[in-house]
Every structure is written in structure tokens, then in C-alpha cells.
Amino acid sequence: MLLNALLFLVHTLLGLLSALFLLRFYFQLCKVSFQNPAAEWVLVLSQFAVKPTRRILSVFKNFGFSRVDLSTLLLAYLSQLTLFSLTLWLKDFPLIVAGSHVWPKLLGLAAVGVTNISLTIFLYAVLLQAVLSWLNPHTALAPLLGSLTAPILTKMRLFIRPIGHIDISPLVFVIGAQLVLATLLMPLENHLLANL
């Protein structure tokens, strides 16, 4: 009973932390305005870890990475790595003495976790944007969601024309994202976990 509660807490807290860092990463990448209250909230909550990590990673600015915020992406990855490591440790997996073959799989699991959360962020952003465009298109979240989803949906609209006056690109993205999650990412995660 206590183990299940601890696993739940680990997955919830580190999953939310990963999502927070990835939101900040994608907000910066998609040039979302941090004047928006929701974006400002993400900025404030993630600042405790991003600021010191940026100082450490400032050496990479000389290698041309200054346009991409590596600190938030690294923090999301480390959160996922910690999540999988703690989960295995809590389940009495001999992580320390398991051998070197475990670590590449653990690193791969963290990468799959980051990809999974990233795709889920965009999936829910597109869904929320579609729903709000029908219910309340002038909500404060509309500009944030528009900036976040624009890079994906704009490219999709080049290939997927509206039917009548209805833009079906969000629907196509949602179906495609769910297919990728169900047929690629979840089986890959299960495969890596099974081979530890």
C-alpha cells in the first residue's frame, strides 16, 4: 500500500516537473509571449532550477547553442531519468549492481518519456485550442495556444486543405499524435522496461 502511494507521488511530482520544464522549453522555442499569465506562471515555477542550470551550461554558448534553451530540455530529461530510476529502485530493482547494460536502457527510457510528454503537451494544446475556438475564442489562453500550436498546424495546413470552411488539421494532428503514442512510444517504453 505504501509502495503504491510512493510510486504515485514519484510519477505525479516528477511527471509534472518534466511537463513544466518542457512547457518552458516549447514556449521559448515557439516564441510564446511570457506576458501571458499562464506563461508567466510556468516561468516563475521553473525558475528555481533553470537559473542555476543556465549558469552551468553557459559554456555551450560558444558552440552555437545560444538560440536554444538547453537548460530546460536537460532538466526535463533529468526529471524523467530520476523518475524511472526511482521507480525501479522502489520496486527493489538492483539498480546499483545491475551492470552497465541497464544504463543505456534507462537513458533511452528517459528520452522516450520526454518525447511522450512533449507530444502530449502539443496534443492537449491543439485539443484545447480547438474547443476554445468554438466556446470562447477571445480567452486569455488563445494567444498562448495559437503561438504554441502554430508551427505544427501551419505546416499541416499546407497539405491538408479545409473541408468547406472547416479546418480539419487539428483533428488530423490529434489522431496522428494518439497513433504515435499508442503504436510507437508506449510499446517502446514497455520493451525497454521488459529488457532491463
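A residue counts as buried when its relative accessible area is under 20%, and as exposed when that area is over 50%. The model used in these exercises is predicted.

**Exercise 1. Classify the ring pair Phe25 and Tyr26, and state whether the two residues are buried or exposed.**

Solution. The search of the whole structure gives four aromatic pairs. For Phe25 and Tyr26, the ring centres lie 5.1 Å apart and the planes meet at 70°. Planes over 60 degrees apart count as edge-to-face, so this pair is edge-to-face. Phe25 and Tyr26 are both buried.

**Exercise 2. Find which parts of the chain are linked by the pair Tyr26 and Phe122.**

Solution. Start with the geometry: the centres are 4.9 Å apart, with 70° between the planes, and the pair is edge-to-face. Next, place the residues: Tyr26 belongs to helix α1 (residues 2-29) and Phe122 to helix α4 (residues 102-135). The two are 96 residues apart, and their pair links distant parts of the chain. Both Tyr26 and Phe122 are buried. Finally, Phe25, Tyr26 and Phe122 make up one aromatic cluster.

**Exercise 3. Determine whether Leu13 is buried or exposed, and name the patch that contains Leu13.**

Solution. Leu13 sits in helix α1. Its relative accessible area is 57%, so Leu13 is exposed.

**Exercise 4. Compare the span of helix α3 with the expected value.**

Solution. Helix α3 covers residues 70-90, which is 21 residues. From first C-alpha to last, α3 reaches 30 Å, close to the 30 Å expected at 1.5 Å a residue. After α3 comes Asp92, with a positive phi near 65°.

Technical notes
Residues are numbered from 1 along each chain as its sequence is written. This is a predicted model: local features need pLDDT of at least 70, side-chain atom pairs count only at pLDDT 80 or more; totals for chains, interfaces and linings use all residues. Side-chain values use heavy atoms; hydrogens and water are left out. Helices (H or I, at least four residues) and strands (E, at least two) are DSSP runs, numbered from the N terminus. The expected span of a helix is 1.5 Å times one less than its number of residues. Rings of Phe, Tyr and Trp (its six-membered ring) pair if their centres lie within 6.5 Å; planes under 30 degrees apart count as stacked, over 60 as edge-to-face and the rest as tilted. Buried means under 20% relative accessible area, exposed over 50%, partly exposed in between (1.4 Å probe, protein chains only).
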